[in-house]
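Subject: Structure handover

Hello,

Here is the structure I promised to pass on. Please have it open while you read my notes below.

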Amino acid sequence: MTDFIKKNEIKNNWIVIDAENAIVGRLAAYISKVLRGKNKSTYTPSMDTGDFVVVTNIEKIKFSGKKFKDKKYYRHTGHPGGIKVNTPETLTLIKKKPEEILKLAVKRMLPGGPLAKKQLSKLKMYKGTAHPHESQNPKVVDFVKIHPKNKILIN
């Protein structure tokens, strides 16, 4: 018989990840796994058992290949002819919102629904190395050193 975790047994940890030279898709896959709690043995699909994730140096995140200029993010306003297109290049250089790139990638890797919105709210992103979550004693995860393909060498 499978034992499911109860609400009062959930322990949320804090994790800090440095995104400098990390590849967006690989980082988003790792973050979504941690936010859902799939890296723990107490994973329950219907409960929020994930950890808080703090990502620093978000402005130094990289894409592999030509995706920085060629990838497109579509959204629709709801009006006829209201399709809007953004690229990672416009989000970072023109709109000055590099955190939107990682947020969109992680959001699309989470399942839809209210639980995913709650899990996505545990993702905190900051430009530079400073963040206001030092009092939670976060565990530092060196994402780039987990696997050699997590880091981009050129660009």
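**The hairpin, E3 and E4**

Strands E3 and E4 form a hairpin with 6 residues between them. In its turn, glycine 78 has a positive phi of about 100°. Tyrosine 73 has asparagine 86 of E4 as its bridge partner. Two strands count as paired if DSSP finds at least two bridges between them. Helices (H or I, at least four residues) and strands (E, at least two) are DSSP runs, numbered from the N terminus.

Histidine 76 also lies in E3. At 48% relative accessibility, histidine 76 counts as partly exposed. Buried means under 20% relative accessible area and exposed means over 50%, with partly exposed in between (1.4 Å probe, protein chains only). Leaving aside neighbours within four places in sequence, histidine 76 is in contact with Gly82 and Ile83. Contact here means heavy atoms within 4.5 Å. Histidine 76 is 52 residues from glycine 128 in sequence, and 32 Å from it in space, C-alpha to C-alpha.

**What you are looking at**

This is a predicted model, in which local features need pLDDT of at least 70 and side-chain atom pairs count only at pLDDT 80 or more, while totals for chains, interfaces and linings use all residues. Residues are numbered from 1 along each chain as its sequence is written, and side-chain values use heavy atoms, with hydrogens and water left out.

The chain has 6 helices and 6 strands. Along the sequence they follow the pattern β-α-β-α-β-β-α-α-α-β-β-α. The C-alpha trace spans about 50 × 40 × 30 Å along its principal axes. Of the 155 residues in the chain, 39% are buried. Take the contacts with a separation of 6 or more: residues 24 or more positions apart account for 68% of them.

**The E1 and E2 pair**

Strands E1 and E2 pair in the parallel sense, over 5 bridges. Isoleucine 15 has valine 53 of E2 as its bridge partner. Valine 16 stands opposite valine 54 in E2. Both strands are mostly covered: 4 of the 5 residues of E1 are buried, and 4 of the 5 residues of E2 are buried.

**Helix H4**

Which residues of H4 are buried? In this helix (residues 99-109), they are Ile101, Leu102, Ala105 and Val106. Seen down the axis of H4, these buried residues fall within an arc of 120°, so they line one face of the helix. The arc is that of the directions from the helix axis to the C-beta atoms. An α-helix has 3.6 residues a turn, so residues three or four places apart point the same way. On the other side of H4, Lys107 and Arg108 are exposed.

What covers the buried residues of H4? The cover includes helices H1 (24-36), H3 (88-94) and H5 (114-120). It also includes strands E2 (52-56), E3 (73-76) and E5 (123-125).

**Loops to check**

Two asparagines deserve a look. Asparagine 21 lies in the loop between strand E1 (14-18) and H1. Its phi is near 60°, a positive value in a residue other than glycine. At 25% relative accessibility, asparagine 21 counts as partly exposed.

Asparagine 57 is in the loop between E2 and helix H2 (67-70). Its phi is near 55°, again a positive value in a residue other than glycine. Asparagine 57 is buried, with a relative accessible area of 3%.

Histidine 133 sits in the loop between E5 and strand E6 (139-141). Is histidine 133 buried or exposed? Histidine 133 is buried, with a relative accessible area of 11%. Not counting residues up to four places away in sequence, histidine 133 touches Trp14, Val54, Lys124, Tyr126 and Pro138.

Best wishes
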